[in-house]
Structures are given as C-alpha cells and as structure tokens.
Amino acid sequence: MRIQIINGPNLNLLGKREPEIYGQKSFEEYMDVLRGIYPDIEFECFQSNVEGELINKIHEIGFLYDGIVLNAGAYTHYSIALLDAIKGVKSPVIEVHISNVHRREEFRHHSIISSACKGVICGFGLDSYRLAIEALKAKI
Ligand code: DQA
C-alpha cells in the first residue's frame, strides 16, 4: 500500500510553532513513529507553503497512490483550487487537522475541501494522521 502525506502551509514548523496547540514533535520525528507502526506501508511525505505546489503534488500522485492524507493548513478554509484538485483525482483523500478546528476561531470552523474528501479527522494531535491511515487501510 502506498500513502502520500501532504502538509500545507506552516506545517514545516511543527515542534516550534505554537506548541501548546500543535505539540512539541517535528513531523520528521512523527514520521519515524508512523513508519515503525506500519512497516508494510510505503509512505511519501510532501510539505509546501505554496498552494500551487500542493495542487501539483495532488495531480502528480492522485492517480497512483492508494490514498492521500492531507493537512491543507489554512488553505483548508478558503482554497477552491485545492477543492478542485481533490475532485479531479482518483485517490481517496482524508482531510486531517492536528487541532480541533471547531473549538478554535470561527473562521476555522468551515472547510472548503471537506466535501471532496472521503472523511475528516481532527483534534487528536499528530495521532490524527494515524487515524486517517487506519481509515485508508480499512478502505471504508
Ligand atoms: C490545522 C488547522 C488550520 O486551521 C491551521 O491553519 C493550520 C493547522 C491543524 O492541523 O490543526 O495550519 O490544519
């Protein structure tokens, strides 16, 4: 099974950025944990702060991979271009958020991409990614 993880803007700062919200671990450290839990899954990780690069990556692998775990960061809340990219590919996309966006500012309550995603997981810290992988493995 091949799973692409895509992280959007500011998620390169995990571990340093607002640790009270996003935790102390860098994504690289967390990836070691995931690779340890799922030795049989081939993971590819991509992070960009640039909207178009996220779209290009979705196009590039969206017909090849068994699933995409996408944390689109703030683009979640307003990128119609990302919504269209998700709609345009075959691989199922699970939307994830580290924080519980519904307990935060009102502008974070709406996701523009959710309607194109297979499901949404938020609020479980970095474990949100593992839960998304479980969903892809179960092929719900
Ligand atoms: C986030 C939530 C977004 O609202 C925010 O802009 C992020 C991170 C999360 O993982 O909790 O950058 O997607």
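This is a predicted model: local features need pLDDT of at least 70, side-chain atom pairs count only at pLDDT 80 or more; totals for chains, interfaces and linings use all residues.
Close-up 1. The face of H2 that is turned away from its buried side carries Glu28, Asp32 and Gly36, which are exposed. The buried residues of this helix are Phe27, Tyr30, Met31 and Leu34. Because these four cover an arc of only 105 degrees around the axis, they are placed on the same side of H2. An α-helix has 3.6 residues a turn, so residues three or four places apart point the same way. Among the elements that cover the buried residues of H2 are E1, strand E2 (42-47) and H5.

**Close-up 2. The largest nonpolar core and a second, separate one.** In the largest nonpolar core, which has 23 residues, the members that touch the most other members are Ile5, Phe27, Leu34, Phe43, Val69, Tyr129 and Ile133. Two or more residues are given to this core by each of strand E1 (2-7), helix H2 (27-37), strand E4 (93-97) and helix H5 (127-138), and the largest share, 5 residues, comes from H5. Which residues does isoleucine 133 touch, not counting residues up to four places away in sequence? Isoleucine 133 touches Ile3, Leu34, Tyr38, Ile41, Phe43 and Val69. In soluble globular proteins, nonpolar side chains tend to be buried together.

**Close-up 3. The two sides of helix H4.** Within helix H4, which spans residues 80-88, the residues Leu82, Leu83, Ala85 and Ile86 are buried. Because they cover an arc of only 160 degrees around the axis, these four lie on the same side of H4. Ile80 and Lys87, by contrast, are exposed on the other side of this helix. The elements against which the buried residues of H4 pack are helix H3 (51-61), strand E3 (67-71) and E4.

Close-up 4. Is alanine 81 buried, exposed or partly exposed? Its relative accessible area is 36%, and alanine 81 is therefore partly exposed, since this class lies between the limits of under 20% for buried and over 50% for exposed. When its neighbours within four places in sequence are left aside, alanine 81 is in contact with Glu51 and Ile55. Alanine 81 and glycine 52 are 29 residues apart in sequence, and their C-alpha atoms are 8.5 Å apart in space.

**Close-up 5. The residues around the ligand.** For arginine 17, a polar side-chain atom lies 3.0 Å from an oxygen atom of the ligand. In the side chain of histidine 77, an N or O atom is 2.7 Å from an oxygen atom of the ligand, while for the side chain of histidine 97 the distance from an N or O atom to an oxygen atom of the ligand is 2.8 Å. Taken alone, the ligand exposes 330 Å², and the protein buries 99% of that area.

**Close-up 6. Arginine 104 in a loop.** Arginine 104 lies in the loop that runs between E4 and strand E5 (119-122). Why does arginine 104 count as buried? Its relative accessibility is 18%, and the limit for a buried residue is under 20%. Not counting residues up to four places away in sequence, arginine 104 touches Ile21, Tyr22, Ser99 and His109.

Definitions and conventions:
Residues are numbered from 1 along each chain as its sequence is written. Side-chain values use heavy atoms; hydrogens and water are left out. A nonpolar core is a set of buried Ala, Val, Leu, Ile, Met, Phe, Trp, Tyr and Cys residues joined through side-chain atoms within 4.5 Å. Buried means under 20% relative accessible area, exposed over 50%, partly exposed in between (1.4 Å probe, protein chains only). Contact means heavy atoms within 4.5 Å. A polar contact is a pair of N or O atoms within 3.5 Å; within protein, one must be able to donate a hydrogen and the other to accept it, and residues adjacent in sequence count only if both atoms are side-chain atoms. Accessible areas come from the Shrake-Rupley method with a 1.4 Å probe; for residues, only the protein chains shown count as cover. The arc is that of the directions from the helix axis to the C-beta atoms.
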